[in-house]
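Subject: Structure handover

Hello,

Here is the structure for your review.

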Amino acid sequence: MTLDVGVLGYRFMGKAHSNALERLPMFFPDAPDIERSVLVGRNESELSAAADQFGFDTISTDWEEVVDEVDVFYNLGPNHVHAEPSIAALEAGTAVFCEKPLAPTLESAERMAEASREAGDDVPAGCAFNYRFVPAIQYAKGLLEAGELGEIRHVRGRYLQDWLVDSDASWSWRNDEEMAGSGALGDLGAHTVDLLQFLVGDITRLSGHLRTFVDERPVEGSDETRPVTVDDAYSAQVEFDDGAMGTLEASRYATGHKNDHTIEIEGSKGSLRFSLERLNELEVCLEHNRGYETILVTDEDDPYLDHWWPPGHVLGWEHTFVHENYEFLSAVEAGEPFEPSFETGLSVQRVLSAIQDSDERGEWVEIE
Ligand code: SOE
């Protein structure tokens, strides 16, 4: 059975997922056969060029004519475009893979999750938190599930980038509350919240802080400027359902940090550290260690590695998209649920919204 795939969006995430679809047959031969049927966007000339480059058969400038014509609909558009096309696809019984964060607001995330419930478990609705599919993160999950770290006491997550340090960096939809919902919080913090809830458990209450350092930015190709209505950075103190204490932060203004997503977890029997900028490695400190040791997670029995190269032939950022697409499309073919689901995406959105509420109210907030 060949799955017809329609993809909305052809910029950064369009390229990342199209590359993943291209590589699946060679490295995951048991993955479902897929046809890159239609690429959806607004600008016909740009769309045609992207369709040729990414291997799509046709183009469309109207997602409404696509969502009930394909077997799988990828929503890789800006955050404000996530809800309506995804809901329409699910109402048509079409499986949906939507980029993170699920939505710009809690309200639209709730509507998306409801549409997924209505569609049923045999119509997978996934949220593309790709960092769950790093082999070292899967290996860390195994250590935690085996109780190797004992009772979890401390959790730290930070996601630091510096692409907005230059005050002349152009304005984009990512700087606009109507379109993005939030700034570093939803763009980067969503990844950290999902990873920590995947590895440790649900966040139950928190205190949040948001800051915007640059209030307006130049519009590319014009003399105009537009206001920045979202955060450049966030930080939060959180408590997990098992009582562990956590500190989270993200910034697009962290000079010298390019894509520095770092997770640290300390327990009663052991600890671990992961950094995306060294994504093949996991630092662990277990009962038999005197201190941290660095494990190179590239052995053939490590998660996903038997699909790639011999030990030590390291993977990269793009491989995480191949892994998540393999898992999602396999779930679609089997008619089974996929994690992270829209329900999981909604749980992340509740935490993001609580951080915004806490910042506004200046007090700790319980997660509903
Ligand atoms: C932001 O710069 C960004 O592209 C995020 O939107 C992605 O989700 C992250 O994987 C890399 O950084």
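The ligand takes up the space of the largest pocket. Please keep in mind that this is a predicted model.

Which residues are around the ligand? They are F12, K100, Y131, Y159, Q161, W163, R174, D187, H191, N259 and W317. Sorted by class, this shell has five nonpolar, three polar and three charged residues. Two domains contribute to the shell: domain 1 (2–131) and domain 2 (135–278 + 280–315) each supply at least three residues.

Y131 places a polar side-chain atom 2.6 Å from a ligand oxygen. For K100, a side-chain N or O atom is 2.9 Å from an oxygen atom of the ligand. The side chain of Q161 also has an N or O atom 2.9 Å from a ligand oxygen. How much of the ligand's accessible area does the protein cover? On its own the ligand has 310 Å² of accessible area, and the protein covers 90% of that.

How many cavities of 30 Å³ or more does the structure hold? There is one. The largest cavity has a volume of about 30 Å³. Its lining is made up of P135, A136, L279, N280, V297 and L315. By class, five of the lining residues are nonpolar, one is polar and none is charged. The shell around the ligand, by contrast, includes three charged residues.

Then turn to the cavity lining, with N280 and L315 among its residues.

Best wishes

Methods: Residues numbered from 1 in each chain as written. Predicted model: local features only at pLDDT ≥ 70, side-chain atom pairs only at ≥ 80, totals over all residues. Heavy atoms only, no water. Near = heavy atom within 4 Å. Polar contact = N/O pair within 3.5 Å; in protein donor to acceptor, adjacent residues only side chain to side chain. Areas by Shrake-Rupley, 256 points an atom, 1.4 Å probe, with all protein chains shown as cover. 1 Å grid on protein atoms, 1.4 Å probe; cavity = no way out; pocket = protein on both sides within 12 Å on 5 of 7 lines; lining within 4 Å. Sits in = over half its atoms within 2 Å of the grid points. Nonpolar A, V, L, I, M, F, W, Y, C, P; charged D, E, K, R; others polar. Domains from an automatic or database assignment. Points joined across faces, edges and corners; volume = space filled by probe spheres on them.
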